[in-house]
Amino acid sequence: MLKKIKLIFGSVREYKKYAILTPIFMIFEALIECVMPFLMSALIDSVDRNVTELNNISDIFKPTVYVNEGLGFSMYVTIFGIMVLLVVLAGLSLTCGILGGRTAAIASVGMGTNLRRDLFAKIQSFSFANIDKFSSASLVTRMTTDVNQVQMAFQMMIRIVIRAPLMMVFSAIMAFISGGVMACIFVVLVPIIAFGLFLIVKKAMAIFLRVFKRYDKLNESVEENVSGIRVVKTYVREDYEKGKFNRASDDMTDDFVTAEKIVALNNPLLNTTIHVSNILVIGLGTFFIYRSTVDSSFWAKLTVGQMSSLITYGIQILMSVMILSMIMVMLVMSLEAIRRISEVLLEEPSIRNPENPIYEVKNGDITFKNVSFKYKETAERCALSNIDLNIKSGEFVGILGSTGSGKTSLVNLISRLYDVSEGAVLVGDEDVRNYDLKVLRDNVSVVLQKNVLFSGTIASNLRWGNKNATEEEMTKACKICHAMEIVNAKPEGFDSVVEQGGANFSGGQKQRLCIARAILKKPKIMILDDSTSAVDTKTDKMIRKGLKEDLPHMTKIVIAQRISSIEDADKIIVLDDGHIDSIGTHEQLLKSCKIYQEVYYSQNRIGGENNATSSH
């Protein structure tokens, strides 16, 4: 755990000086606040000893002699001098407190900012296999709630965790100096209140730790509802979603209420202990003061000033114990947050750049050599098995197969979104594991079925493919995939606003814009993963024609459910349950591949089984 804490707090970096200054200010503040009651007792005793000589206001400037029996030295002071010193010390304490609060805030907020950046950067380096380990809702919670928890804990550590123990220790020392044997009252009371607070903290802590899982569930409910709001409204499931959210929210509320009820016992326990402390100090103190005045040989000497300082020191000691108990709750809660955050930071990306990467992809040739692939090493069966495949640069290749047959898994290996479990995938006659990741993925464009447009403009979205693309280049790319009509239909053209997630565009429009974005990368290989499913067959055909005629040297791989989308491909790969069933042209597969025949006849509604039989 120490390693994880060190990792998290390493994010302080450039704010380290503020993190160091804060404890220094807290030390001075604690020292000053512990000295002030001592001076107050000196002031009270000075007035008490010289009360008969104080006839007018000017007498406060006359030197008085204050003898401290406990310390064994005499001080020549004036009442006014003590008063001025108290005001100065109060000002210094206030200044130290303000500066300590400011530096603590800067250090903690800075650490939180760096921690969020570190988390986000780490997530960006993850492969799909890494991301699969964490749910998106959990990652959001770790970057928000958990980081806030750690940020608060860090601020407490450098400020209150330093101040409270120092106040307790300094107050205890000063209590023995001022009150001698009377300070033993706190030796008895502190363990009692500490034990009571320990029981409270232990009970509340278990509940607070459970709240983190509730946060994940709540965020998951919100995320699913927002991302699927169209489905929710289509099926009129708003009430169900409200109930789902309310249940998650109520569970979290119940835990918080239960925990806070337990923590609320802190104040009654503290107040009771303080009252008992004051009663004992005043009661015994009055007895000792009286015996000191009537019997000079009495072993316990005490003055009125010393008794008043004992009351103050007692409150400071007991308050420090309570504050430490509350901090313990926060720190233990932060340990769980630290564990969750460090899980992400310590997660090693499963896909890394090689030591001496290749920075050039020669061509769009693709070769699969006896490839097998599992999503997890512990999986019982492979998603792909014994794949041997050759695709020449510039070829138009179609991939067909039922749901779960491994189509997307196959193309994900080309851009090295996952690494093979066995065998090798070659692009441009080189193993993809030898390439620089950025270079490889710049040369392999993937357009997914579920396309994503980001908030901004059409131009800003297209320039994800090429940040320096000119309007002429964007126009050319849009013409190839017949997306120019989308741009022309908007009054602002390429500067038209795109709402979050492309909500103001239809599914087919988003698909065409995403294809144009991929074209702008000028890759050697383009993969369309069922990315024309939302466009009509006529537009689909025109897109394929544009890709073949305008980008003849680019290798084009199209995953499709409709045979009409791939029937003019140079070769069609039919996948079945993670292995290649057949490879051939449309005509060849109609004669020899039963799976292809079934799909073709079902889509064209001709003949059914009779045609399938006659084809044999």
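How do the residues of the lining of the second largest pocket divide into nonpolar, polar and charged? In this predicted model, the lining divides into five nonpolar, two polar and four charged residues. The space in this second largest pocket comes to about 310 Å³. Its lining is made by Ala129, Ser350, Phe373, Lys374, Tyr375, Lys376, Glu377, Tyr418, Asp419, Val420 and Ser421. One of these, Phe373, also belongs to strand β3, which covers residues 366-373.

**The four-stranded sheet**

Strand β3 is part of an open sheet of four strands, ordered β4-β3-β6-β7, in which the pairing is antiparallel. At the edges stand β4 (384-391) and β7 (430-431); each has a single partner strand, so one side of each is left without a neighbour in the sheet. Helix α12, residues 407-414, packs on this sheet and touches β3, β4 and β6. The direction of α12 makes about 120 degrees with that of β3. Between β3 and β6 (residues 422-427) the antiparallel pairing runs over five bridges. Within this pair, Thr367 stands opposite Leu426 of β6.

**The six-stranded sheet**

A further open sheet has six strands in the order β8-β11-β12-β5-β13-β14, and its pairing is mixed. Its edge strands are β8 (444-447) and β14 (579-584), each of which pairs on one side only. On average, neighbouring strands of this sheet are turned by 20 degrees against each other, direction ignored. Helix α20, residues 594-604, packs on the sheet, where it touches β5, β13 and β14. Its direction makes about 100 degrees with that of β13. Strands β5 (residues 396-401) and β13 (residues 571-576) pair in the parallel sense, over five bridges. Here Val397 has Lys571 in β13 as its bridge partner.

| Strand pair | Sense | Bridges | Residue pair |
|---|---|---|---|
| β5 (residues 396-401) and β13 (residues 571-576) | parallel | five bridges | Val397 and Lys571 |

**Cavities**

How many cavities of 30 Å³ or more are there? The count comes to three. The largest cavity has a volume of about 40 Å³. Leu453, Ile458, Asn461, Leu462, Val498, Leu513, Cys514 and Arg517 line this cavity. Two helices, α14 (458-462) and α17 (507-520), each supply at least two residues of that lining. By class, the lining of the largest cavity has six nonpolar residues, one polar and one charged.

Is Ser93 buried or exposed? Ser93 is found in helix α3, which covers residues 79-125. Its relative accessibility is 7%, so Ser93 counts as buried, the cut-off being under 20%. Apart from its neighbours within four places in sequence, Ser93 is in contact with Glu29, Ile32 and Glu33.

Ser292 is found in helix α10, residues 266-294. Ser292 has 16% relative accessibility and therefore counts as buried by the cut-off of under 20%. Along the chain, Ser292 and Ile98 are 194 residues apart, and their C-alpha atoms are separated by 43 Å.

Terms used: Residues numbered from 1 in each chain as written. Predicted model: local features only at pLDDT ≥ 70, side-chain atom pairs only at ≥ 80, totals over all residues. Heavy atoms only, no water. 1 Å grid on protein atoms, 1.4 Å probe; cavity = no way out; pocket = protein on both sides within 12 Å on 5 of 7 lines; lining within 4 Å. Points joined across faces, edges and corners; volume = space filled by probe spheres on them. Nonpolar A, V, L, I, M, F, W, Y, C, P; charged D, E, K, R; others polar. Pairing = 2+ DSSP bridges. Axes fitted to C-alpha atoms, helices over the stretch in contact; angles between N-to-C directions. Contact = heavy atoms within 4.5 Å. Buried < 20%, exposed > 50% of the residue type's maximum accessible area, 1.4 Å probe, protein only.
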